[in-house]
Amino acid sequence: MSNKLYKGTLTNVVLKLLHENGRMYGYEITKKTKEQTNGGFTITEGALYTILHKLEAEEVLEVEFEIVDGRTRKYYKLSEKGEQEAVLKIEELKLFIQNLSGFLNPKLA
Amino acid sequence: MKVILNKKQITHISKLIEKKGVNYYDVNLEMTDHVASEVEEMMFVDGIDFLIALKQVFSRYGRFHFMKIEEEQTKKIQKQSLKQSWKSFVQFFTLPKILITVALFIFFQFLLENGFGDYILYTYALFVGITSISLFYLKRKWIGKENYLQLHKFHGGFSVLFQFIFQGMIHFPKADIGTGFMFDASFITFSFMVLFIVIEV
């Protein structure tokens with residue numbers, strides 16, 4: 001599937017995952033996305049970390065460092081501001097898919 | 001049983017990532033953990049050796065993979081740094097700080113005009129020096145290891161402050177010649193302004 005279609009929704013996907021799972025680290029996010037979409041949706045590391053760092057700078061995400069298996073792991077979680085934004089974005093995403101589905105299948109809508 | 005990489009293997013990954021151009025400590029930590037997690041899983045699922053798994057992971061990333069993340073991080077830091085510097089600068093303009101600055105200016109000008117130039121040079125250098133060094137160590141303790149942006153900004157502020165001390169030593173001996181009074185009093189006062197901004201009091 002075209003990568004361009006994914007690009008616009010990547011931030012929403014990250015926000016949704018963090019909203020559902022609490023705190024997560026980078027590799028966990030890529031793995032979870034792959035699992036939940038049966039491999040149909042793959043986030044590249046470059047795109048993922050760009051989004052995570054941008055959301056961190058915008059204070060949508062908060063970070064925590066922890067030593068796991070002998071190395072430092074950076075965890076991301078939604079800030080208070082991020083929680084509100086995540087709920088809004090998930091609703092937006094649902095509405096978008098609903099509208100798109102209505103457009104593609106006019107008879108069902 | 002789950003595979004866990006040893007310290008030597010983690011260091012090897014970290015150095016490889018550094019060679020690929022990732023110089024930010026926190027980004028390197030994050031990338032090392034990501035690569036290590038992926039390698040561990042490959043070793044566990046496919047039953048392959050560490051070096052083979054590592055090679056496969058790196059070949060999948062491509063040549064510019066880490067550079068892109070590094071570039072984005074630089075952009076983020078520049079943006080945050082600019083935002084922070086502006087915030088610190090704006091914070092200076094409160095009535096008590098302005099009043100203290102004006103009072104300091106008048107005080108220093110009075111001392112310089114009355115021939116205390118050489119005398120206050122050492123007091124000034126000692127004061128700024130001791131304050132800077134003690135604050136530097138204290139703040140490093142407060143900030144903690146993880147907040148590198150803050151530490152970076154703090155280092156920047158102090159390098160400006162130390163410049164003032166050395167510049168002060170050059171300019172002070174001229175304090176007794178005419179217009180030099182005005183310049184040096186403004187100069188000392190300004191160095192205190194920088195101190196206020198750096199420590200964000």
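View 1. Although A:D69 is not a glycine, its phi is positive, at about 50°. Helices (H or I, at least four residues) and strands (E, at least two) are DSSP runs, numbered from the N terminus. The model is predicted, so that local features need pLDDT of at least 70 and side-chain atom pairs count only at pLDDT 80 or more, whereas totals for chains, interfaces and linings use all residues; side-chain values use heavy atoms, with hydrogens and water left out. Residues are numbered from 1 along each chain as its sequence is written, and chains are lettered from A and ligands numbered from 1 in the order in which they are written.

View 2. A:E59 lies in the loop between α4 and β2 of chain A. A:E59 is exposed, with a relative accessible area of 54%, and has a positive phi near 60° in a residue other than glycine. A:T9, in the loop between α1 (3–7) and α2 of chain A, is buried at a relative accessible area of 18%. Not counting residues up to four places away in sequence, A:T9 touches A:F41 and A:L93, where contact means heavy atoms within 4.5 Å.

View 3. Three strands form an open sheet in the order β1-β3-β2 (chain A), with antiparallel pairing; two strands pair if DSSP finds at least two bridges between them. At the edges stand β1 (24–25) and β2 (61–68) of chain A, each with a single partner strand, so one side of each has no neighbour in the sheet. Antiparallel β2(A) and β3(A) are joined by eight bridges, and A:V63 stands opposite A:Y76 in β3(A). α2(A) packs on the sheet, touching β1, β2 and β3 of chain A, and its direction makes about 95° with that of β3(A). α4(A) also packs on the sheet, touching β2 and β3 of chain A at about 65° to the direction of β3(A).

**View 4. The crossing of α2(B) and α3(B).** The axes of the two helices α2(B) and α3(B) come within 9 Å and cross at roughly 125°. Axes are lines fitted to C-alpha atoms, for helices over the stretch in contact, and angles run from 0 to 180 degrees between N-to-C directions. α2(B) is therefore oblique to α3(B), since angles under 35 degrees count as roughly parallel, over 145 as roughly antiparallel, 65 to 115 as roughly perpendicular and the rest as oblique. Residues making the contact include B:H34, B:V35 and B:E38 of α2(B) and B:L54, B:V57 and B:Y61 of α3(B). B:Y61, in helix α3 of chain B, is buried at a relative accessible area of 8%. Leaving aside neighbours within four places in sequence, B:Y61 is in contact with A:E45, B:H34, B:V35, B:E38 and B:F66.

**View 5. The largest nonpolar core.** A nonpolar core is a set of buried Ala, Val, Leu, Ile, Met, Phe, Trp, Tyr and Cys residues joined through side-chain atoms within 4.5 Å. The largest one has 41 residues, of which B:V35 and B:V39 touch the most other members. The largest share, seven residues, comes from α2(B). Leaving aside neighbours within four places in sequence, the contacts of B:V35 include B:I13, B:I17 and B:F66.

How values were computed: Buried < 20%, exposed > 50% of the residue type's maximum accessible area, 1.4 Å probe, protein only.
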